[in-house]
Amino acid sequence: MNGIILTGLGLAAMGFGARYVLRQLPNATKTFTEAMKNLPKFEESAANSKYYKGGFDQKMNRREAALILGVSPSANKSKVKNAFKKVMTANHPDKGGSPYIASKINEAKDFLEKKL
């Protein structure tokens with residue numbers, strides 16, 4: 001007898017819960033669509049990004065080396081060294097970075113220091 005009463009109460013609770021969820025669904029849908037509209041678009045944020053979007057040139061040049069390190073092409077040796085440390089810390093292979101990217105960062109530093 002107690003099992004039947006508990007089953008009935010459980011079904012009633014499930015019914016009231018489902019009714020509550022169904023009544024709140026339109027509000028949740030409206031809130032979700034508004035939130036999705038307010039999210040920044042990837043294309044817009046990518047276009048305004050301060051990072052270079054192109055690939056690497058076949059041969060390293062001053063412009064590319066400066067873009068890799070995030071300095072001006074006419075930067076002095078100390079700026080190149082500081083930028084190298086910052087970029088290499090973020091992209092070092094021991095910290096999960098790409099060995100190829102690390103080699104390009106090293107090449108950019110060597111290129112800019114050689115030209116100074």
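**Helix packing and buried residues**

Modeller: Setting aside neighbours within four places in sequence, Ala-108 is in contact with Met-60, Ala-65, Ile-68 and Leu-69. This is a predicted model. Ala-108 itself sits in helix H5.

Colleague: Why is Ala-108 called buried?

Modeller: The relative accessible area of Ala-108 is 0%. Buried means under 20%, so Ala-108 is buried.

Colleague: How far is Ala-108 from Ala-66, which is 42 residues apart from it along the chain?

Modeller: Their C-alpha atoms are separated by 7.3 Å.

Colleague: What makes Lys-104 count as buried or exposed?

Modeller: Lys-104 has 6% relative accessibility. The limit for buried is under 20%, so Lys-104 counts as buried. Lys-104 is placed in helix H5, and beyond four places in sequence it is in contact with Phe-56, Asp-57, Met-60 and Ile-68.

Colleague: What does Met-60 contact, leaving aside neighbours within four places in sequence?

Modeller: The contacts of Met-60 include Lys-104, as well as Ala-65, Ile-68, Glu-107, Ala-108 and Phe-111.

Colleague: Which residues have the most contacts inside the largest nonpolar core?

Modeller: That core has 17 residues, and those with the most contacts inside it are Met-60, Ala-65, Leu-69, Val-71, Ile-105, Ala-108 and Leu-112. Helix H3 (62-69), H4 and H5 are the elements that give two or more residues to this core.

Colleague: Why are H4 and H5 described as they are, relative to each other?

Modeller: The axes of helix H4 (residues 77-91) and helix H5 (residues 99-115) cross at roughly 175°. An angle over 145 degrees counts as roughly antiparallel, and H4 and H5 are therefore roughly antiparallel to each other. The two axes also come within 10 Å.

Colleague: Which residues of H4 and H5 make the contact?

Modeller: From H4 the contact takes Lys-77, Val-80, Phe-84, Val-87, Met-88 and Asn-91. From H5 it takes Ile-101, Ala-102, Ile-105, Asn-106, Lys-109, Leu-112 and Glu-113.

Colleague: How do the residues of the contact of H4 with H5 divide into nonpolar, polar and charged?

Modeller: Eight are nonpolar, two are polar and three are charged.

Colleague: Take Met-88. Why does Met-88 count as buried?

Modeller: Met-88, which lies in helix H4, has 9% relative accessibility. With the limit at under 20%, Met-88 counts as buried.

Colleague: What does Met-88 touch, not counting residues up to four places away in sequence?

Modeller: Met-88 touches Ala-102, Ile-105 and Asn-106. The C-alpha atoms of Met-88 and Ile-105 are separated by 6.9 Å, although the two residues are 17 residues apart along the chain.

Colleague: On the other helix, why does Lys-109 count as buried?

Modeller: Lys-109, found in helix H5, has 17% relative accessibility. Buried means under 20%, so Lys-109 counts as buried. Beyond four places in sequence, Lys-109 is in contact with Leu-69, Val-80 and Phe-84.

Colleague: How many helices and strands are there in the protein?

Modeller: The protein has five helices and zero strands, and its pattern along the sequence is α-α-α-α-α.

Colleague: What share of the 116 residues is buried?

Modeller: Buried residues make up 17% of them. The accessible surface of the protein comes to about 9,300 Å², and 61% of it belongs to carbon and sulfur atoms.

Note on methods
Residues numbered from 1 in each chain as written. Predicted model: local features only at pLDDT ≥ 70, side-chain atom pairs only at ≥ 80, totals over all residues. Heavy atoms only, no water. Axes fitted to C-alpha atoms, helices over the stretch in contact; angles between N-to-C directions. Helix = DSSP H or I, 4+ residues; strand = E, 2+ residues; numbered from the N terminus. Parallel < 35°, antiparallel > 145°, perpendicular 65-115°, else oblique. Contact = heavy atoms within 4.5 Å. Nonpolar A, V, L, I, M, F, W, Y, C, P; charged D, E, K, R; others polar. Core = buried A, V, L, I, M, F, W, Y, C linked by side-chain atoms within 4.5 Å. Buried < 20%, exposed > 50% of the residue type's maximum accessible area, 1.4 Å probe, protein only. Areas by Shrake-Rupley, 256 points an atom, 1.4 Å probe, with all protein chains shown as cover.
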